[in-house]
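Please look over the fold below before reading on.

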Amino acid sequence: MKSIFLRSVRENDVVEGLYPAGGNRNILRKFSGKVLEKKTGPQGWRITVQEAEGKIRSFLNKKISGKIQVLQREKLCNG
């Protein structure tokens, strides 16, 4: 497991991290799941994660507490 910043996360990686409950509270919740997409927008980088329960959630980089841990990385194949 490596702790990395959001820019190093790729689609199809399995990640975990901490995010404010409800997006704006002082209580952190743990999230983990497969990254479905990674985009940049007016508020900065964000990832969309499908959690184990099947829920799909988006997380903004500037609200993620600390670093994201990549639990499993999909290997790239050339050829």
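Asparagine 61 sits in the loop between β5 and β6 (65–72). Strands (E, at least two residues) and helices (H or I, at least four residues) are DSSP runs, numbered from the N terminus. With a relative accessible area of 31%, asparagine 61 is partly exposed. Buried here means under 20% relative accessible area, exposed means over 50%, and partly exposed is in between (1.4 Å probe, protein chains only). The C-alpha atoms of asparagine 61 and tryptophan 45 are separated by 5.4 Å, although the residues are 16 places apart along the chain.

The model is predicted: local features need pLDDT of at least 70, side-chain atom pairs count only at pLDDT 80 or more, and totals for chains, interfaces and linings use all residues. Residues are numbered from 1 along each chain as its sequence is written, and side-chain values use heavy atoms, with hydrogens and water left out.

**Overall fold**

The protein chain has zero helices and six strands. Its pattern along the sequence is β-β-β-β-β-β. Of its 79 residues, 29% count as buried. Contact means heavy atoms within 4.5 Å. Among contacts with a separation of 6 or more, 46% join residues 24 or more positions apart. The chain exposes about 5500 Å², and carbon and sulfur atoms supply 47% of that area. Accessible areas come from the Shrake-Rupley method with a 1.4 Å probe; for residues, only the protein chains shown count as cover.

**Aromatic rings**

A pair of aromatic rings is described by the distance of the centres and the angle of the planes. Rings of Phe, Tyr and Trp (its six-membered ring) pair if their centres lie within 6.5 Å; planes under 30 degrees apart count as stacked, over 60 as edge-to-face and the rest as tilted. The whole structure holds two aromatic pairs.

| Pair | Type | Centre to centre | Angle between planes |
|---|---|---|---|
| Tyrosine 19 and phenylalanine 59 | edge-to-face | 4.8 Å | 75 degrees |
| Phenylalanine 31 and phenylalanine 59 | stacked | 4.1 Å | 15 degrees |

Phenylalanine 31 lies in strand β3 (residues 28–41) and phenylalanine 59 in strand β5, so their pair ties together parts 28 residues apart in sequence. Tyrosine 19, in strand β2 (residues 14–20), is 40 residues from phenylalanine 59 in β5 (residues 56–60). Tyr19, Phe31 and Phe59 form one aromatic cluster. Phenylalanine 31 is buried at 1% relative accessibility. Phenylalanine 59 is buried at 2%.

**The core**

A nonpolar core is a set of buried Ala, Val, Leu, Ile, Met, Phe, Trp, Tyr and Cys residues joined through side-chain atoms within 4.5 Å. The largest one has 12 residues, including Tyr19, Phe31, Phe59, Val9 and Ile68. β2, β3, β4 (44–51), β5 and β6 each supply at least two residues of this core.

**A buried aspartate**

Where is aspartate 13 placed? It is in the loop between β1 (2–4) and β2. Its relative accessibility is 1%, so aspartate 13 counts as buried. A polar contact is a pair of N or O atoms within 3.5 Å; within protein, one must be able to donate a hydrogen and the other to accept it, and residues adjacent in sequence count only if both atoms are side-chain atoms. The aspartate 13 side chain reaches the backbone nitrogen of arginine 10 at 2.9 Å. That side chain also makes a polar contact with the side chain of arginine 73 (3.0 Å). Not counting residues up to four places away in sequence, aspartate 13 touches several others, among them Gly33, Val35 and Val70.
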